[in-house]
Amino acid sequence: MTLAPNATSPISHIVTTNVDKNQPGRSAWKAVTTPFRAVSRPLSISLSVLVWVAVIGGWFALTYSGAVKEMFLPRPESVLITTINMALDGSLWEHVLASVQVVLIGFVISSVVAVPLGLTMGTYRIVQAALDPLVNFIRYLPVTSFVPLFILWIGIGIEQRVAVIIFGIFFQQLVMIADSARGVQRDLVNAAYTLGTKRGDTVFHIVFPATLPNVLDVLRVTMGWAWTYLVVAELVAARSGLGYISLKAMRGFQVDVIFMAIALIGILGLCTDQLFRGIRRLVAPWAN
């Protein structure tokens, strides 16, 4: 009997199966190193915990061994004690709420404008031709250089901090959402026209549902950028916020406070990241 070139004989299949059974370690290694192969949730959680244990363990080792002076790298318990003390006297919550307010207001305003405009920009070539050069020019401008201008134009209130967040993420959102809209299959649009969809309804009836998973991913990523721009927004002319206490602590060499503020920004960013992942699984289950 002659086998086709790409066919697999029953004997080779049995031999391969027996080899995998006799070498479970090799089989497990093959499973976890196969591209795009799913990993079990217990294994995923275990690996995440191990990485965090390694990072915190290295932090303990560097500080307690004296390899790094405490004025440069505080001990973990110093950061924890500082966090507890500021939480008990209420000052920590004031700064956290101030930062959350700035990020959320800036992110919501930016997203409400960027999502429909980005979808329109990616759908209609005439809009892309008009806006693309300006948008691509502005998105490369450094946000920090505009902070003095925002203070001059807007003042030193919360509006100035919100403006920094909006300027930092709006044009990035616009470009990424427009790229997602341009990737919509033309067959979907043509089928919609055949079924009687008006051309003016294409964006919200066809393009938006088709790009919804990608739009949510863009929002999740740019929310992370909003948290990074928070420190820039609060470095100048702020009276509260995690960025503000970082600058204040730097002047007094309070490294434990700086590390606490950095850790809290990371935790808040991680929470919003998980929130968007949950929303994506809920509203776009077909893309998971």
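What share of the contacts in the protein chain with a separation of 6 or more is accounted for by residues 24 or more positions apart? The share is 72%, where contact means heavy atoms within 4.5 Å. The structure is a predicted model, in which local features need pLDDT of at least 70 and side-chain atom pairs count only at pLDDT 80 or more, while totals for chains, interfaces and linings use all residues. Residues are numbered from 1 along each chain as its sequence is written, and side-chain values use heavy atoms, with hydrogens and water left out.

The protein chain contains twelve helices and zero strands; helices (H or I, at least four residues) and strands (E, at least two) are DSSP runs, numbered from the N terminus. Of the 288 residues in the protein chain, 33% are buried, a term that denotes under 20% relative accessible area, with exposed being over 50% and partly exposed in between (1.4 Å probe, protein chains only). The chain exposes about 17,700 Å², of which carbon and sulfur atoms supply 68%; accessible areas come from the Shrake-Rupley method with a 1.4 Å probe, and for residues only the protein chains shown count as cover.

An unreviewed UniProt entry lists "transmembrane region" for several spans, including residues 43-62 and 253-271. UniProt positions follow the numbering used here, feature names are shortened, and annotations may be inferred rather than shown by experiment. In the model, residues 43-62 are 100% helix, with end C-alpha atoms 28 Å apart. Residues 253-271 are 89% helix and 0% strand, and their end C-alpha atoms lie 29 Å apart.

Asn136 belongs to helix 6 (residues 125-138). Its side chain reaches the backbone oxygen of Asp132 at 2.9 Å and makes a polar contact with the side chain of Arg139 at 2.8 Å. A polar contact is a pair of N or O atoms within 3.5 Å; within protein, one must be able to donate a hydrogen and the other to accept it, and residues adjacent in sequence count only if both atoms are side-chain atoms.

The whole structure holds nine aromatic pairs. Among them, Phe170 and Phe171 are edge-to-face, at 5.0 Å centre to centre and 80° between the planes. Rings of Phe, Tyr and Trp (its six-membered ring) pair if their centres lie within 6.5 Å; planes under 30 degrees apart count as stacked, over 60 as edge-to-face and the rest as tilted. Phe170 counts as buried because its relative accessibility is 13%, and Phe171 counts as buried because its value is 16%.
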